[in-house]
Amino acid sequence: MPSGYYFGVSAASADTPDSFEIYKFVTSSAPGVTRELPKRESPPQQPPPAANPGGQTTDQGTQQASSNVQLAVQFTELQNRLSTLSQSLDNVFREVQSLSAKSDARHQDLTKRVSFNEQLNTMDQKVQSIENTLRDYSGQFSSIRGVLKDSHSTLNEGLTQQMTHIISTKSPKIGTFVVVIIVFQLLLAGIYVMYKRRRANGPKKYL
């Protein structure tokens with residue numbers, strides 16, 4: 001867009017609004033596209049005012065024209081400043097959005113780290129409590145182990161001695177066993193002899 005030209009924006013609404021605000025106005029030019037610049041029409045030249053003997057009319061016209069030119073220049077500068085300010089505000093708004101997104105992501109990351117650290121602290125406390133409990137019971141475990149060891153040794157010694165005593169005192173002697181066998185054989189022999197005598201003395205049967 002050539003210098004000296006400006007964009008104009010208009011708005012309309014069904015209701016009667018108080019004001020309209022423009023948040024963004026982006027322009028761009030396509031590369032390789034040439035465009036003829038419109039020719040600005042030069043303002044019609046006014047005929048010079050008629051000569052006045054006093055020269056008051058000429059001075060007033062010159063002052064009014066210069067004041068109009070100054071107002072136009074000031075209005076142009078004001079529009080340029082407003083455009084620059086709008087672009088700066090747009091950039092600031094983008095930066096604020098980017099910072100807000102980064103802050104949210106950092107907050108979520110910190111929240112996750114804090115929760116993870118809390119879990120680690122809880123687990124550490126539980127492990128320490130278990131270690132303390134095991135330390136408290138280690139003495140009792142040692143005493144139980146000693147008692148079991150003493151009981152095992154006592155049972156082994158006492159059982160061995162008891163079994164030896166029972167075998168030595170309660171087992172039958174060999175002589176007694178031999179006497180019993182001889183008596184049993186003599187008894188059988190006497191019964192057999194009595195049976196033979198009775199059979200020999202009894203009446204004989206002839207067929």
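**Legends to close-up views of the predicted model**

**View A. In this predicted model, the side chains of Asp90 and Arg94 are joined by a salt bridge, with an N to O distance of 3.7 Å.** A salt bridge requires a side-chain nitrogen of Lys or Arg within 4 Å of a carboxyl oxygen of Asp or Glu. Both Asp90 and Arg94 belong to helix α1 (residues 56-170), where they are 4 residues apart, about one turn of the helix. Asp90 is buried because its relative accessible area is 15%, whereas Arg94 is partly exposed at 44%. Buried denotes under 20% relative accessible area, exposed over 50%, and partly exposed in between (1.4 Å probe, protein chains only).

**View B. Asp109 and Arg113 form a salt bridge in which the closest N and O atoms are 3.5 Å apart.** Asp109 and Arg113 also lie in helix α1, 4 residues apart, about one turn of the helix. Asp109 has a relative accessibility of 35% and therefore counts as partly exposed; Arg113, at 51%, counts as exposed. The count of salt bridges comes to 2.

**View C. Ile174, Phe177, Val178, Ile181, Ile182 and Leu186 make a nonpolar surface patch of about 610 Å².** Such a patch joins nonpolar side chains (Val, Leu, Ile, Met, Phe, Trp, Tyr) within 5 Å, from residues with over 30% relative accessible area and no salt bridge. Leu186 is located in helix α2 (residues 174-201) and is exposed because its relative accessible area is 58%.

**View D. The largest pocket holds about 880 Å³ of space.** Of its 26 lining residues, Phe7, Phe25, Gln79, Leu82 and Ser83 are the closest to the centre of the pocket. The lining comprises 13 nonpolar, 10 polar and 3 charged residues. A pocket is an open set of points on a 1 Å grid, reached by a 1.4 Å probe, with protein on both sides within 12 Å along at least five of seven lines; lining residues have an atom within 4 Å of a point.

**View E. The chain as a whole contains 2 helices and 0 strands.** Helices are DSSP runs (H or I) of at least four residues, and strands (E) of at least two. Areas follow the Shrake-Rupley method with a 1.4 Å probe.

**Notes.** Local features need pLDDT of at least 70 and side-chain atom pairs pLDDT 80 or more, while totals for chains, interfaces and linings use all residues. Residues are numbered from 1 along each chain as its sequence is written, and side-chain values use heavy atoms, with hydrogens and water left out.

Terms used:
Points joined across faces, edges and corners; volume = space filled by probe spheres on them. Nonpolar A, V, L, I, M, F, W, Y, C, P; charged D, E, K, R; others polar. Patch = residues over 30% accessible without salt bridge, like charges linked within 9 Å, V, L, I, M, F, W, Y side chains within 5 Å.
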